[in-house]
Amino acid sequence: MSDNHLGTLYVVATPIGNLEDLSPRAARVLGEVALVAAEDTRHTARLLQHLGLAVPMLSLHEHNEAARVDQLDERLARGESIALVSDAGTPLISDPGFVLVRELRARGRRIVPVPGACALVAALCAAGLPTDRFLFQGFLPAKGGARRQRLEGLVEREETLIFYESPHRIRETLADIATVCGDRRLVLARELTKSFETFLDGSAAALLACMEADPNQARGEFVIMLAGAEARESADAASLEADTLLAALLAEGVGVKQAAAVAARLLGGAKKVWYERTQALKEAR
């Protein structure tokens, strides 16, 4: 399968749900390689069984990836080709494989991508959010403080923001997005390509309320897509208008807390952010 009697590492995308999404090329490669390096061999065994293949497998996950490099490199050197797969979608995209690909490429090995399913691309193309520029951030930090800090560092980015999230953290993540990003538009894709594929569209707070009303909406694996910040010129103009509103409320004797609540209701965003901004304006008077 390769030139110069050396093996090739094929980075093979596999379905994220619907098995019909496996490309004919991917199926052929999986049947021709000497070894499949899989994130979870039990999971990949089901895919190979579906294809009627009996290919040797070796586990390759985040805990053993670095230790597998020499072993796999030796097999490539012997002329054996290897397919790298993750449990679902494209390897390396929030999945293992980066260390292996980086090290093998540094050693001059041949790396060939076999494209296919990728959850973030599948979700984005059907979300109705801008696709000309987007920023993929993988999974946000598990702990609330670190998660909010990451979001605060991204809140001014103008690109569509994309995150992955698990079912046991989706509610906390939506709550943090509501706190940091306010009422900005968000599209949530769930169970992509599967029977219960769902797209939810609204603010983070609205989608959180939807999950509280229907717990089934909190099940499955999620792609979170958040509208980017307004273009800076528009944001600067809006900022001036907001300051004018806040100054007028303060001049009429409205308290800081009440002024912040009015601004949040009229202009959107988190009350905490408006409170701090109003307090700063008051102190500067």
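**View 1. A salt bridge joins Arg42 and Asp40.** In this predicted model, the side chains of Arg42 and Asp40 come together in a salt bridge, with a distance of 3.2 Å from N to O. Arg42 counts as exposed, because its relative accessibility is 62% and the cut-off for an exposed residue is over 50%.

**View 2. A salt bridge connects Arg133 with Glu158.** The side chains of these two residues, Arg133 and Glu158, meet at 3.6 Å, again given from N to O. The pair links distant parts of the chain, since the two residues are 25 residues apart: Arg133 lies in the loop between helix H5 (119-124) and strand S6 (134-139), while Glu158 lies in the loop between helix H6 (144-154) and strand S7 (160-165). Arg133 has a relative accessible area of 44% and is therefore partly exposed, and Glu158, with a relative accessible area of 32%, is likewise partly exposed.

**View 3. Arg169 pairs with Glu165 in a salt bridge.** Here the closest N and O atoms of Arg169 and Glu165 are 3.5 Å apart. Glu165 has a relative accessible area of 0% and so it is buried, as the term applies to residues under 20%.

Note on methods
Residues numbered from 1 in each chain as written. Predicted model: local features only at pLDDT ≥ 70, side-chain atom pairs only at ≥ 80, totals over all residues. Heavy atoms only, no water. Salt bridge = Lys/Arg side-chain N within 4 Å of Asp/Glu carboxyl O. Buried < 20%, exposed > 50% of the residue type's maximum accessible area, 1.4 Å probe, protein only. Helix = DSSP H or I, 4+ residues; strand = E, 2+ residues; numbered from the N terminus.
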